[in-house]
Amino acid sequence: MKLSLKIWRQKNKNSEGIFKNYVLSDVSPDMSFLEMLDTLNEQLLSKNEDPVAFDHDCREGICGSCSMMINGKPHGPESKTTTCQLHMRKFKDGDEVIVEPWRASAFPVIRDLVVDRSAFDRIIQAGGFVSVNTGNAQDGNTLPIPKPDADAAMDAAACIGCGACVAACKNASAMLFTAAKVSHLGYLPQGQPERQRRVLKMVEQMDNEGFGNCTNTNDCEAACPKGISVHNIARLNRDFLKAKLFG
Amino acid sequence: MKLESNIPSGPIEQKWDKHRAEAKLVNPSNKRKYRILIVGSGLAGASAAATLAELGYNVDCFTFHDSPRRAHSIAAQGGINAAKNYQNDGDSIYRLFYDTVKGGDFRAREGNVYRLAQVSVNIIDQCVAQGVPFAREYGGYLTNRSFGGAQVSRTFYAKGQTGQQLLLGAYSALSRQIGAGTVTMHTRNEMMELVLVDGHARGIVTRDLVTGKIESWSGDAVIFATGGYSNVFYLSTNAMACNVTSIWRAHKKGAGLANPCFTQIHPTSIPQQGEYQAKLTLMSESLRNDGRVWVPLKANDNRASHDIPENERDYYLERKYPSFGNLSPRDIASRAAKEVCDEGRGVGPGGRGVYLDFSAAINRLGEKTIAERYGNLFEMYERISGENPYTSPMRIYPAPHYTMGGLWVDYNLMSTIPGLHVLGEANFSDHGANRLGASALMQGLADGYFVIPYTIGHYLAGVKPGEITNEHPEFKKAVADVEGRVSKFLSINGKRTTSSFHRELGMLMWNNCGMARSESSLKEALQRIPEIREEFWNNVNVVGSANELNTALEHAGRVADFLEFAELMCIDALERDESCGGHFRTEHQTEDGEAKRDDEKFCHSSVWEYSGDTAKPNLHKEQLTFENVKLATRSYK
């Protein structure tokens, strides 16, 4: 099939970006979206033009590198699917496809579709861990954890840190990302000793990074490629309130 | 080059304890005077960085990713082995050790493997304490699944995302140290060169992938935890950026490179769909717990899978290996798949595929249970192939997945370059000629959490901290070398892209040094590789400039190193005139097509030393002795 692509091009973080139009023919429906971009890049390179820069690595939907808005939706039209797992059979011959980077002041554009998501790392560094040094652990089975709790913790821990939640949110809020970690550790007995401190620290860092506030529109959940539930945000809010009032 | 494995004397059960008791220590208040440079932030790198920082060392950790959480360990699906024997099914440290030595087709070092089995139990405890959400039973206790090459259930897992959860555990420990200021994290920085001063590893040169800035860093020791080189095949299950650069740069500076021809071809990957394909996607080996592998009994049978009656199907793994069946080790399952496809019995486009069928398990356990065990894998399969594995069998085919070869290390995980330590997939130590499933995560974390924290102290105790800085002339020279390479790439202005060279090399390696190798295929490859390399250096086109984010330039450096490394891989495969594990020389097979070892001539690790000419490396041998597992023909029948 043949596609008209409209792609955001920006040389570096200080320069201004613009949309550029490209026409790509012979796109196979079995290609992944990134393989389609690879094909475009090979063509650009053969014309001595700069390839479109985009973050990508595992191409299995788990590393969380890919970060692009496709026709206004983070990771494109298919639900619970990262860009690398999106296949061109979801598009039709003659479609116009608009590709742009995540838009959030806390995620500055580095080049083309590549953004700086180090703010997420700093939120984790503020408290997204259990303070246990290597060697301190007791036998793994001395602490039985009810299966429903373990499963709920796993569901929250499935976050890949891609930032689609921020990109989807009209306030560019990082609540779903932060809540997923707070909630994952909050479900587990290991996470209890630092539970209050963790939520306060992580929320403080989230605010310092310039993410917006949560107004419960749930666009984050709809955009999340791993289906992380907004239920986790409610849990974060409860923990935060408790920590503020009684901490 | 001297190869001293430094395996402690005494009974195998006591070697590690004895070694720890005798290792030199660095006083707690002196640890803060030392700086350790770690390249890589996957399971091995992140766990080492966190643990060494907890001990009090200053750590600088480098990754080319935008975050340490993106390392390719994240993509491991199935699980991690540990000899906990929670299932009461006959497991023990000795049995895990035995299975790993046997699974590796007797080409690994006993002492290292035994230690790996010993510390495997501590890994699970550590990860649970970090909050890794392993799968549990209703009673709240940890559950296990089975994996290939073992007859016990010892694999711990977190849905089909075990690597992700273990990496996020290590990442959280690392993040805690970054927050505390004990680890300085350098993201989007690629290691370009190793710096030696007086024969010791004392630093590295990096390129900032955003600004293009080339910088040097000095330390008292260097750790490489940079993964494997499966991308030498171009198409593999590795992430796009995985490369051989650190291993190859160290090799060219004098580090011995061991068994580069030992590569693992994983039996269950989604088959290639088209020419444009950039990578292959693995389907976890855990699927073989409940999936049955089959092909039509007759060649060129074009009927749809559900039109082929039961008695016209060949469940060839169950037929050939009744006691291990669908859970035969990876090298054996891969070769068996190739064999049936070579006979014209393969399925799907091009006849390069076999069925992995869940219908029996769905009938027995119900769709809900299967969805609980493998739901995310089934979804991934459907997204990529457009077919629903609940109603029609998956199609799978082998793909390059893991490399057992790597930089030679001694018992302390130190390479032949003093001060350079190598962890995880980047070293050669534990898996011999074939790695068993769920053992890569185990090794990465064993090296990082429980081995290097003890052994690096032993080295550092003999080093005066901070003696060498990056003002030393060797650093200036290394920076100049890297700058020279970068400008060279940009000045060629040829006609072909870096990807076209990578693809060409990959195809050659897959056909001539892949699942089956022969003297003639290897000699052909050895003739072709220098030709491709020659053309690369005269006809590659790298657009853009050095001082910006330039993905073509990044790729050029990696492809250039693959083009040299590939030659050594073929030289090693040619020299090893036997079949063992994943190294299958067609000249050496039994009557029923199994790998035939030659223990008289090849019971050793081949360690290659760079001679200045990639075509003529010097070979050194580390003899392997088997005192605790009897050297025997591997049988899974």
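I take buried to mean under 20% relative accessible area, exposed over 50% and partly exposed in between (1.4 Å probe, protein chains only). I note that this is a predicted model, with local features needing pLDDT of at least 70 and side-chain atom pairs counting only at pLDDT 80 or more, while totals for chains, interfaces and linings use all residues. Residues are numbered from 1 along each chain as its sequence is written, chains are lettered from A in the order in which they are written, and side-chain values use heavy atoms, without hydrogens and water.

Entry on S305(B). I found S305(B) in the loop between β12 and β13 of chain B; strands here are DSSP runs of E, at least two residues long, and helices are runs of H or I, at least four. S305(B) is buried, at 8% relative accessible area. Beyond its neighbours within four places in sequence, S305(B) is in contact with W294(B), R313(B), Y355(B) and P393(B) (heavy atoms within 4.5 Å).

Entry on the sheet. I read the strand order of an open, antiparallel sheet of five in chain B as β11-β15-β14-β12-β13 (a pair needs at least two DSSP bridges). β11 and β13 of chain B stand at the edges with a single partner strand each, so one side of each has no neighbour in the sheet. I checked β12 against β14 in chain B and found three bridges, with R292(B) opposite D357(B).

Entry on the interface. I looked up the contact of the two chains, which takes 74 residues from chain B and 72 from chain A. I counted seven salt bridges between them (a Lys or Arg side-chain nitrogen within 4 Å of an Asp or Glu carboxyl oxygen). D66(B) forms a salt bridge with R117(A), with the closest N and O atoms 3.5 Å apart.
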